[in-house]
Amino acid sequence: MEIRIFDTQEEIGAAAGKIICEFTKNNPDCVLGFATGASPVPTYNYMIKQYENGEVSFENIKTFNLDEYCDLPRSHKNSYYTFMHENLFDKIDVKEENIGFLDGNAEEKAESKRYTEAIKAAGGIDIQILGIGRNGHIAFNEPSDEFTGESYKVELTQSTIDANSIYFDDIAMPHYAMTMGIGLIMESKKIVLIATGDKKAQAVYDMVNGPVTPKCPASILQQHSDVVILLDKEAAQKII
Ligand code: PGA
């Protein structure tokens, strides 16, 4: 694990954004894995700036996102599909037909198979962006008794519901989501994980220094050969 610590979220966004933009310049038809949540937004802002400045084109990339809520129409303002369009896709030249998303309203097994095959057909994910939950989750892989494999439907924990329900003002937050499993995430060739703020400090400590255990799903990243972890000082406070 390569760990880098920064002063501001903008610096983290620039660091992650540079990794993505440089790779895309050299590999215009690369496959990028994206995450939702607050953590990657500065990264997306950096990518948008680079695109607007004519430094990079995303015209030929393919994308896959980590997860999507169940029981929520894709067009709802709180869907992750909408989040990605508002925060990145509508502001760069990625083609809509090259955007891969889990369907939270599809039949679980068939949808998992479809997603795995789509990622494989694209050649696998070159760079996967990740956040981390306060409980050590990555994507919606919550702490549990075993590591997960491919995509599946998960019941969200109270910790995750508490963290995310602030975004839902018109309806109750869904309690289920479809998520890429740990096994599928680990197949990404490179992983860039972003964490900021003191609420993430314990999860960051457990991810980096704890035993590899499904009780802290992010700890599995210790076994990946190409992981970059970008932190601010608050998130890094227990490891420095
Ligand atoms: P956040 O979420 O980026 O909004 O903190 C990260 C996560 O829960 O994985």
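**Exercise 1. Find which pocket the ligand takes up in this predicted model.**

Start with the space taken by the ligand: it is the largest pocket. Here a pocket is an open set of points on a 1 Å grid over the protein atoms alone, with protein on both sides within 12 Å along at least five of seven lines.

Two notes before going on. Residues are numbered from 1 along each chain as its sequence is written. Local features need pLDDT of at least 70, side-chain atom pairs count only at pLDDT 80 or more, totals for chains, interfaces and linings use all residues, and side-chain values use heavy atoms, with hydrogens and water left out.

**Exercise 2. List the shell around the ligand and sort it by class.**

Step one: the surrounding residues are Gly37, Ala38, Ser39, Gly131, Ile132, Gly133, His137 and Lys200 (a heavy atom within 4 Å). Step two: by class, the shell holds two nonpolar, five polar and one charged residues, with Gly counted as polar.

**Exercise 3. Which residues place polar atoms by oxygen atoms of the ligand?**

From the side chains, a polar atom of Ser39 lies 2.5 Å from a ligand oxygen, and one of His137 lies 2.7 Å from a ligand oxygen. Ala38 takes part through a polar backbone atom, 2.9 Å from an oxygen of the ligand. To finish, turn to area (Shrake-Rupley, 1.4 Å probe): the ligand taken alone exposes 280 Å², and the protein buries 78% of that.

How values were computed: A polar contact is a pair of N or O atoms within 3.5 Å; within protein, one must be able to donate a hydrogen and the other to accept it, and residues adjacent in sequence count only if both atoms are side-chain atoms. On a 1 Å grid over the protein atoms alone, a cavity is a set of points where a 1.4 Å probe fits but cannot get out, and a pocket is an open set with protein on both sides within 12 Å along at least five of seven lines; lining residues have an atom within 4 Å of a point. A molecule sits in a cavity or pocket if more than half of its atoms lie within 2 Å of its grid points.
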